[in-house]
Amino acid sequence: MSKSYQDFYRHSIEDPDSFWGEQAKLIDWHKPFSKVLDYRKPPFARWFVGGQTNLCHNAVDRHVPTRGDQKALVWISTEVNQEKSFTYRELHVEVQRVAAMMQSLGVKKGDRVIIYMPMVPEAAFAILACARIGAIHSVVFGGFAAANLAARIDDAKPILMITADGGSRMGKVIPYKNLVDESIKLAQYPPDKIIIFRRGLDPKIPVTPGRDIDYAELRSKHMNVQVPVTWLESNEPSYILYTSGTTGKPKGVQRDVGGHAVALAASMKYIYCGNAGETMFTASDIGWVVGHSYIIYGPLIAGMTTIMYEGVPVRPDAGIWWKIVQDHKVTVMFTAPTAIRVLKKQDPAYLKKYNISSLRYLFLAGEPLDEPTHVWISKALQKPVIDHYWQTETGWAILTCAPGVEKTKTKFGSPSFPAYGYNLRLLHEATGQEVGNNEKGVVTVIPPLPPGCMSTVWGQNERFVQTYFTSFKDKMVYTTFDWGIRDDDGYYFILGRTDDVINVAGHRLGTREIEEAVSSHPNIAEVAVVGVADQLKGQVPLAFAVAKDPACVAAPDGRTAMEKEVMETVDKILGAIGRPSRVHFVTLLPKTRSGKVLRRSIQALAEGRDPGDLTTLDDPSALEQIRSAVAANK
Ligand code: PRX
């Protein structure tokens, strides 16, 4: 780490008030804040207290006078072969229409709106419209199934849901509406109204009169509206985004308004080097935090053109992303390592086909970036490829380099060093003491967390404290649940999760959620799901299940049929994204004498590693069954 970033970093830690007070100038404030940080109730940090601002104003309105004719949003769909763009002026008009549509249905400040949408511009309008009127959006990933959606509905208690007739993946239509109807049946607190955006993907969608409202029809009634922004105190909630943890019940990560806007504005400047008038292309989904921060809010707050891409990286061919870079003069790109591993398997000629001279940086995050992939893409692009590490909880990078401050050297396999604002520590799992260089520790942050990080778990302050701040006795530190290590040059390396969260193609899933979905099959008595290493996706879930009626799975035919049924059950409850790659049947699971399933040993065996300390194992034959199930699969 060289001098000037070090100074910058040190300033942020030693004098957060002056550091963040300065960064706050990157956004517009309707009313200035009276205090940069209120930390009277640890670990709850309140940033820019008393200040009034609005995310939609900062992302849209403030750019209209200076860059009204510049493209704000470019939507490219290789799924339905369409492209549309919206200038800041047009975006401003469209967002106000959607805001008026919501208001006409009674949505007010503080109300929750669930957005269950594919990657279409209308999803971005809905997000920004919520921000405009102070409604709290909760975007649910379009790949999640009915029961999962219902669980989020019941936690958020929305008054409105916005959805579409369908999404599309690899050219195949994914109908949404039946699934939405199913989720409404399952939910205890369903929304009163549902707006349906018809893309023409599923013309025969069922409609419930009085509840279901057609997007186009409602929009036509609000064409010439002006909806003023609702100014919010900096610490009021802006959105909820559900994420997985150790329990089967997803946590609603709640974010504020002012801290969120400032953190994103600062990250655009110091980390991504994204300037107004330039183009950012984040290939992710609005259902994930990367989409929230860097498809929607970050680039728009910075006055950039943001690309919203509906499709996969290899259709129509593996050159599509680089064609987008060329055609739209993309300067900064962001995606997950899995996408790069997918591209690596394609003909390298595609990388040379287009002129990508506009591109300054490719950022990668969401899962470990293996060194061969990092080396390959860096060489292929001849551009700096920056690995950075963060979480839904933080909303922006925890470990990264910051080329906007100083162009430090990157190391393959490392997301560099702590981002400004994070007082990071690697702690020994058992003692809570700081570990030295080259020693493995839990990645933790001494609170207060910097602006932009989660303010609490929606509706559950206690759970926020319990989950994140009580891992170490006598020490209130935020745990990331990741293992890390620091080398002698101060570069960090992430070594995987300390809990039962797995990362499938950059998508975060709790093994417990998958276990609950598997267990809902009537013939499953018990199940353990572990994440195993996969060359392409990073990790995939693997299930080991005990059938209630062992006779059903005694013969190969029965096992195959049952495996299929279990997979279908998971598809239905969680979505295909959580489907185990295999379901192996055993007659008992390896447990400790106190009854705890030895997941780490199962995982080790499944990955062909040593299962570790087995002194607490109750019945060794259980582990043998896992071993032979895995061996039979090879
Ligand atoms: O385990 C870490 C892994 O992904 C988790 C967070 O996932 P999510 O909440 O979906 O947020 C993704 C935001 C980019 C982390 O706890 N992870 C994320 N980035 C990296 C990573 N693991 C290794 N290297 C990374 N760069």
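Reader: Across which strands does helix α12 lie?

Author: Happy to start there, with the reminder that this is a predicted model. Helix α12 (residues 320-327) lies across β4 (71-77), β16, β17 and β18 (330-335). Relative to β18, the helix runs at about 150°.

Reader: How do you know that β16 and β17 pair?

Author: Two strands pair if there are at least two bridges between them. Strand β16 (residues 279-282) and strand β17 (residues 305-310) are joined by three bridges and run parallel, so they count as a pair. As one point along the way, Thr 279 stands opposite Thr 305 in β17.

Reader: What makes β5 and β20 edge strands?

Author: The order of the open sheet is β5-β4-β17-β16-β18-β19-β20, seven strands with mixed pairing. Each of β5 (82-87) and β20 (385-387) has a single partner strand, so one side of each lacks a neighbour in the sheet. From one strand to the next, the twist averages 20°.

Reader: Which elements each supply at least two residues of the shell around the ligand?

Author: These are α11 (289-301) and β27 (492-497). In total 17 residues surround the ligand, with His 388 and Asp 482 among the closest. By class, the shell has seven nonpolar, five polar and five charged residues.

Technical notes
Residues are numbered from 1 along each chain as its sequence is written. This is a predicted model: local features need pLDDT of at least 70, side-chain atom pairs count only at pLDDT 80 or more; totals for chains, interfaces and linings use all residues. Side-chain values use heavy atoms; hydrogens and water are left out. A residue is near a molecule or strand if one of its heavy atoms lies within 4 Å of it. Helices (H or I, at least four residues) and strands (E, at least two) are DSSP runs, numbered from the N terminus. Ala, Val, Leu, Ile, Met, Phe, Trp, Tyr, Cys and Pro count as nonpolar, Asp, Glu, Lys and Arg as charged, and the others, Gly among them, as polar. Axes are lines fitted to C-alpha atoms, for helices over the stretch in contact, and angles run from 0 to 180 degrees between N-to-C directions. Contact means heavy atoms within 4.5 Å.
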